[in-house]
Amino acid sequence: MRRNSYLSHLLVASLALAMAGCGSGTTNNTPKPTGLKKRVLISNTTAGTVTVIDAQKDVFSTKILGVSSPTKLITSGGTTVAMDIGSSLITVIDNPTETVTFPSPIGDEPFDIAISPDGKNAWAAMRNFGFVQSVDTTTGVARGVLRIGNARRLVMSPKGTKLLVFPDPQGQVPPNTHTFFVVDTATSAVQAVTDALHLDQPFTAVFNGSETQAFILNCGAECGGTNASVTFADFTNPTATFAPSLPISVPGATVGLINGSNLYVAGTPTPAPTGPGPGCPISRCGELTVINATSLTAGTPIPITDGDHEKMAFANNRVYVGAFGCTIEPGTAPNTVRGCLSIFNTGTSATVFPTESSFRQNFNVTGFQPISGRNVIYIVQGAELDIFSTDTDTLAPGVTQIDVIGQAFDVVQIDP
């Protein structure tokens, strides 16, 4: 039944694309690009839109693109791809013309997406069907299906030759706690990397600049395994190797980034530290760990908010860590709360826990975008867009905040 439904969906979507193409011979009514010099796209799930923001003036433009239920946005090579929640589609957007070029049908609801550096190919992980599928963004045509059970998270290598696929441990019988997959994007060959010593619920990865080497973040106990850790994997050859001889133990590891010689890794230990008190200044804490990427040694963990950490950004010597499902506690001002955002200053080693309005729909952090040439960062939290100063770690002084009608989810900058 699932297969028949899948084929029917592809047929309907293909007919819709064909009908849309029938009117492409005229361009008189084609909206013109905004002409803005620094553009940011913001997805709005409930409104079904992706809107262009003028990131020099921090205002919405009049350019609004219809996208069914957009969540995650990724951009590269002049192309943006939006992940549509609740449908078997990903949407391809052409950045220069600011238009939706294709609503591309895929095999099932996507749980994650990735894009090649040249923007010509996108990939979608379809956890429910156990598929990873590629899409030609120049034609909107979905291509071959790779069968990878419970495929949940995707990480693209710097030059786009390798795609790492991480299964979701939930729903696997028996649980597959020691494996991730390497896809050769040119041949679609799939290499399973399994190692019981170095892999414990592998969750995601951070490439170090190489196409065949990456830091693997093991979720461990937070995902039903044993110990959270980080290991350096080299999958150049058919048999992968790992360093150091034992994984680097950390309190939690579900998101990370590398900046210079430092690898920043965050997660929530099981059980999570509680406070306020020594080691946890708030009611319940996650942990941020700084690992020297050369010596492969970890520093003392830094308390951050708890929750499921899957967003991280770096700007102006600060590490921004976002979570969802965190413990909420009252702020110092009336009608405010401390949400799921943590800001760690790498220069002063201070951590800030900003507050936000207690009247928001939720307090999850789902999007980060530092704005080039400015000391501000766009942060989507609580389904709203907050423009933060990277100097003061507060809402940017002198900036009129943008009011989002609906539920904002993600932001990406599409200009240098």
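I began with cysteine 219 and cysteine 223, which form a disulfide in this predicted model, and I read 2.0 Å between their sulfur atoms. The torsion about their S-S bond is about 80 degrees, so I noted the link as right-handed.

Cysteine 280 is buried at a relative accessible area of 1%, and cysteine 285 is buried at 0%.

For cysteine 326 and cysteine 340 I noted a disulfide with 2.0 Å between the sulfur atoms, left-handed at -90 degrees about the S-S bond. Cysteine 326 sits in the loop between β26 and β27 and cysteine 340 in the loop between β28 and β29, so the pair ties together parts that are 14 residues apart in sequence. Both cysteine 326 and cysteine 340 are buried.

My count came to three disulfides, and, with bonded cysteines counted along the chain, I wrote down their pattern as 1-2, 3-4, 5-6.

Last, I looked up threonine 91, which lies in strand β6 (residues 89-94) and is buried, with a relative accessible area of 3%. Its side chain makes a polar contact with the side chain of aspartate 84 at 3.2 Å. Beyond its neighbours within four places in sequence, I listed contacts of threonine 91 that include Val67, Thr80, Val100 and Phe102.

Definitions and conventions:
Residues are numbered from 1 along each chain as its sequence is written. This is a predicted model: local features need pLDDT of at least 70, side-chain atom pairs count only at pLDDT 80 or more; totals for chains, interfaces and linings use all residues. Side-chain values use heavy atoms; hydrogens and water are left out. Helices (H or I, at least four residues) and strands (E, at least two) are DSSP runs, numbered from the N terminus. Buried means under 20% relative accessible area, exposed over 50%, partly exposed in between (1.4 Å probe, protein chains only). A polar contact is a pair of N or O atoms within 3.5 Å; within protein, one must be able to donate a hydrogen and the other to accept it, and residues adjacent in sequence count only if both atoms are side-chain atoms. Contact means heavy atoms within 4.5 Å. A disulfide is a pair of cysteine sulfur atoms within 2.5 Å.
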